[in-house]
Every structure is written in C-alpha cells, then in structure tokens.
Amino acid sequence: VTSRAGPEVEDLLRGLAPQVLGSLVRRYGNFDLAEDAVQEALLAAALRWPEQGVPENPRGWLTKVASRRLIDELRSDRARQRREEALAARVPAAEFVAPAPGDEQPPDEDDTLTLLFLSSHPSLSPASQLALTLRAVGGLTTAEIARAFLVPEATVAQRISRAKQTIKSSGVPFSLPPEPERAERLRVVLQVLYLIFNEGYTASSGPDLQRSELTAEAIRLTRELRRRLPGDGEVAGLLALMLLTDARRAARTRADGSLVPLAEQDRALWNRSYIEEGVALVTDSLSRTQLGPYQLQAAIAAVHDEAARADDTDWPQILALYELLERVSPSPMVLLNHAVALAMVRGPRAGLELLGALDGDDRLAGHYRLDAVRAHLLEMAGDRDGARAGYRSAARRTTSLPERRYLEGRAGQLTDSR
Amino acid sequence: MKYVALVYNNPGAFEALSPADRDALMSEADAYLKEFTETGELLGEGFALADSSTGKTVRVRGGLPAVTDGPFAEAKEQLAGFYVLDTDSIERAAEIVTNDPAARFWAVEVRPIMDTAGAEM
C-alpha cells in the first residue's frame with residue numbers, strides 16, 4: 001500500500017511516527033507488535049486524512065488507532081492469551097481510551113532519540129539498521145523503503161522482522177543506552193544516518209530519482225537528532241556535511257544521468273541556503289566542541305562550496321584539513337583525497353609520491369578509485385599514456401555505470417587529442 | 001551492493017545424480033534459500049534455467065536480426081540458474097554461496113551487479 005497523502009500530511013505523519021511508537025512501547029512494552037500497529041495507524045491516516053481532514057489532535061488519533069490495533073493483535077493471538085490477561089489487569093481501563101485533546105501528555109522528546117539508538121543497535125546487521133530506522137523513526141512504509149533500496153518488498157519486511165526479533169530476544173530495554181556506552185552508540189546512529197544519506201545521494205537521475213527521498217529523510221532525521229543533542233559537535237558536523245554535499249545535487253549529474261566532476265559543475269545551480277546553513281553549523285561546532293571526522297569532512301566540503309569558481313578553491317586550507325582528518329580518522333580513502341589536495345598545492349609529483357604509500361595497502365588493492373586518482377595526477381603531470389591506462393583500469397573495476405562512463409570518457413579524450 | 005550468483009553444471013548433471021543425492025540436494029537447497037532469505041540477503045527466490053537446447057541466441061548484424069536455436073555454448077559447463085544477493089561485500093557474498101549445495105556438486109560464480117549510482121570524482 002502506498003500513501004497518496006500530500007507532502008504536508010506525509011511530513012506530519014513522519015514526525016509523529018516515533019512519538020506514537022514511543023508512547024505505545026512505554027505503555028504496552030511490546031516493541032515488535034507496537035511497531036506493526038503504528039504502521040497500520042499511519043497507513044489508515046494517510047488514506048483518511050487527505051479526504052476527511054486532519055483531526056484536531058493528530059497524535060491522539062494515531063495513538064488511539066494504533067493502541068486498538070495492538071490490543072486486537074494481542075487478543076487474536078491465542079498463544080498470548082494469558083499474557084494479554086496479565087496486561088489487561090495491569091493497565092487501568094482508562095488507558096484503553098485515548099485522552100481528550102486537552103489531556104494529551106506533551107510528546108516525550110526522548111522517544112525519538114531512544115528509537116534512533118534502538119534501531120541502530122549494534123546487534124543488528126547494517127541493512128536491518130537502515131530499514132528499521134526508516135520505518136520506526138522515519139515512519140516510511142516497507143514499500144517505500146523497498147523502492148528506495150531497489151530490493152523486493154518481502155526482503156525489507158524480512159530485514160525488519162528479523163531486526164525486531166533480535167531486539168526482542170536480546171532484551172534490549174526501551175531506554176537510552178547507559179552513559180558509558182552512549183558515545184560509542186551515538187557513533188553508530190550517525191553512521192546509519194550517513195549511510196541512508198549516501199544511498200540516496202549517489203543515485204543518479206532518471207529511474208533512481210525516487211532514491212533521492214532518502215537524502216531528504218536522512219537530513220530530516222539528523223535535524224531531529226540535533227534538536228535533541230544541540231551540544232554534540234559531530235551531530236552538527238554530520239548535518240553540515242549532508243547539507244554541504246546535498247547543496248550540489250542539481251549540478252552533479254546531467255539530464256542523461258552522467259556525472260559532472262566537482263571542478264566542472266555549474267556552481268550557479270548549487271543550493272545557497274543549504275550552503276549557508278552548513279557553513280554556519282560547521283563554523284560554530286569547530287569553534288566550541290571537540291574535533292571529529294564529520295566536522296572535518298564538513299569543513300572540507302564548506303571550503304569547496306565557498307569557492308565561486310573551481311580555480312578559486314582554497315587548496316592549502318583543504319590540504320591542512322585533510323592532514324588533520326588523517327590524524328583523527330585515518331583511512332585509505334582519506335589518503336587518496338589528501339593526495340589530490342597535495343597535488344593541487346605542490347604539484348602532481350608530490351601527490352603521486354603520496355599515492356605510492358598506498359600500493360602495499362590491502363584495503364585498496366585493485367580498488368578502482370586508486371587507479372582513477374593516479375590517472376588524474378598522471379594527466380596533470382603530462383603522462384598521457386600512463387593516465388589513459390589508469391582511467392581504463394579504473395573503468396574496468398568500478399561497479400557503477402555512470403562512473404564507468406565517465407572514466408572511459410576521460411581515457412577517450414586522451415586518445416582523441418593525440 | 002548486489003551480487004548475482006551463477007550456478008554452472010553439465011547438461012543432465014542433475015539427472016545423473018543418484019536418487020539419494022538428488023533428494024539431499026533438493027532439501028539442502030531449500031534450507032539454503034530459506035536461511036538467507038530470512039537474513040534479508042537473498043533477494044527473491046532465484047531462478048533455474050531450462051535446458052540450454054530450449055534457448056535461442058539473438059544477434060543483430062547490419063540492422064538485421066539473426067536468431068539461432070540453442071545450444072550455443074561449447075563449454076562443458078553451462079549456466080543452469082541464478083539468484084541475486086544483496087550484502088556488504090563480495091567476501092560476504094562468497095561466504096553465503098559456500099552454503100549452496102550447487103557449489104559442492106558443481107560451481108557457483110559470484111559477480112557484482114553494475115548499478116546506476118555513482119560518486120562524482
């Protein structure tokens with residue numbers, strides 16, 4: 001079932017989803033069944049509200065409908081008969097009736113946070129973490145998630161049900177993780193949100209346009225997270241990184257879906273308000289919180305986004321930021337980008353020398369990106385044969401059709417103009 | 001990342017098995033498909049291909065289609081079926097495929113599927 005609700009009703013529902021789910025779980029304690037019940041209530045609302053209007057107390061309406069579904073579900077399940085009786089005995093009769101609009105308790109702000117931590121619990125597989133976050137916190141339907149990830153709906157349903165079984169069997173409580181674990185668990189939450197963002201962002205135009213909704217959803221959820229943890233520099237850094245990256249969306253692909261490299265993008269198409277917001281966020285967090293990898297990546301994106309033309313790019317500053325990033329969070333991908341920045345500041349030979357350090361690195365052995373960067377630096381250095389061979393090798397190894405087309409094009413240009 | 005697992009065997013290989021081996025293969029294959037469908041890594045149900053003699057090969061040359069009947073491959077082993085995995089790495093895909101009884105009886109090739117997503121350089 002897909003919702004035919006307009007964007008306003010859809011936004012309202014997605015914002016309310018974690019609040020309603022949180023209140024059900026706290027009341028009835030059954031995350032697995034409560035999550036299904038909330039999905040059904042969301043679907044009912046998506047069908048009804050656009051026609052009959054949004055009720056005065058939308059949260060109360062959803063809570064009432066979801067509670068009824070949950071109780072029906074508990075009742076119809078004979079195997080759970082005894083547990084249901086115990087539950088009914090524990091819950092005062094008044095609890096079965098949704099409160100009148102005035103009596104409604106204020107939304108518990110922590111529910112969204114708790115659900116984010118729960119959905120990215122380390123015992124879940126990454127694919128399950130993404131699916132559960134989008135459904136339980138984002139309020140997306142299984143069908144919407146399946147379309148965005150280009151997998152069958154049954155597969156997403158399996159991932160979600162498996163995730164809920166894992167949560168149930170490991171007895172994870174519905175509460176924020178204890179303080180000693182919280183920083184590490186927050187790191188996983190941020191990683192899940194960034195994966196959702198990237199899944200949407202790397203999709204090109206055309207048939208994959210649907211997937212760009214994932215970028216918007218990742219930004220919305222990260223904003224929600226930041227509202228709850230305003231003092232955390234990495235949360236601000238991730239939000240800034242998403243905004244500063246997504247700001248280039250309109251310029252990064254042509255109408256036919258082919259990729260436009262950063263240096264050749266039409267900067268007039270960049271989203272100014274996202275850039276301003278991202279720059280402000282990262283400037284503020286760098287000045288007052290502990291340095292982290294998301295803030296540094298956002299700072300690098302900000303330097304690119306602030307250059308009016310590619311030639312105006314402040315490469316020495318980018319180089320300095322990559323040196324810092326390599327100290328805070330070293331990885332072969334960071335070193336690759338570092339080599340490009342070094343080449344822009346001190347010439348292609350310096351960059352190529354740095355790449356030499358990666359030749360023995362198993363993590364990048366045979367990776368197309370190493371070949372592509374080396375080809376780019378060889379081209380800068382005037383070694384046309386070496387560059388062409390590098391682009392061809394990278395084109396053979398990438399699994400992305402637009403990247404292969406781009407890399408073959410670069411190799412072709414070096415052949416044509418001989 | 002999505003991967004396709006291509007199952008190869010000799011034509012008639014399945015029929016050549018003893019009834020006990022055939023039953024074992026079938027029940028193992030069912031258990032295998034069930035296990036990794038439940039982990040959310042195996043997409044859909046997978047497909048077995050009919051004998052290659054029932055296929056056709058299409059070539060268009062100079063704007064004209066030429067359709068020839070199968071069999072078209074000289075190789076002893078032919079593509080017998082395929083299914084799609086969605087998992088984090090080719091290492092994980094290969095690890096899953098070691099559970100496929102076809103890998104024990106014959107051979108299963110794992111190949112990444114090209115996608116239309118890409119990062120600007």
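## Charge and surface

Chain B carries 10 positive and 21 negative side chains, and the centres of these two sets lie 7 Å apart. The structure described here is a predicted model.

The accessible surface of chain B amounts to about 7100 Å². Carbon and sulfur atoms account for 57% of that surface. Of the 121 residues in chain B, 31% count as buried.

## Overall fold

Four helices and six strands make up the secondary structure of chain B. Read from the N terminus, the elements follow the order β-α-α-β-β-β-β-α-α-β. Taken along the principal axes, the C-alpha atoms of the chain fill a box of roughly 55 × 50 × 20 Å.

## Strand E1 and its partners

Strand E1 of chain B covers residues 2–9 and is mostly covered, with six of its eight residues buried. Two further strands pair with E1(B). Strand E5 (residues 78–86) of chain B runs antiparallel to E1(B), and eight bridges connect the two. Strand E6 (residues 107–112) of chain B is also antiparallel to E1(B), joined to E1(B) by six bridges.

The residue B:Ala5 illustrates both pairings. In E5(B), the residue opposite B:Ala5 is B:Tyr83, while in E6(B) the residue opposite B:Ala5 is B:Val110.

Terms used. Residues numbered from 1 in each chain as written. Chains lettered and ligands numbered in written order. Predicted model: local features only at pLDDT ≥ 70, side-chain atom pairs only at ≥ 80, totals over all residues. Heavy atoms only, no water. Buried < 20%, exposed > 50% of the residue type's maximum accessible area, 1.4 Å probe, protein only. Areas by Shrake-Rupley, 256 points an atom, 1.4 Å probe, with all protein chains shown as cover. Lys, Arg positive; Asp, Glu negative; His and termini not counted. Charge placed at Lys NZ, Arg CZ, Asp CG, Glu CD. Pairing = 2+ DSSP bridges.
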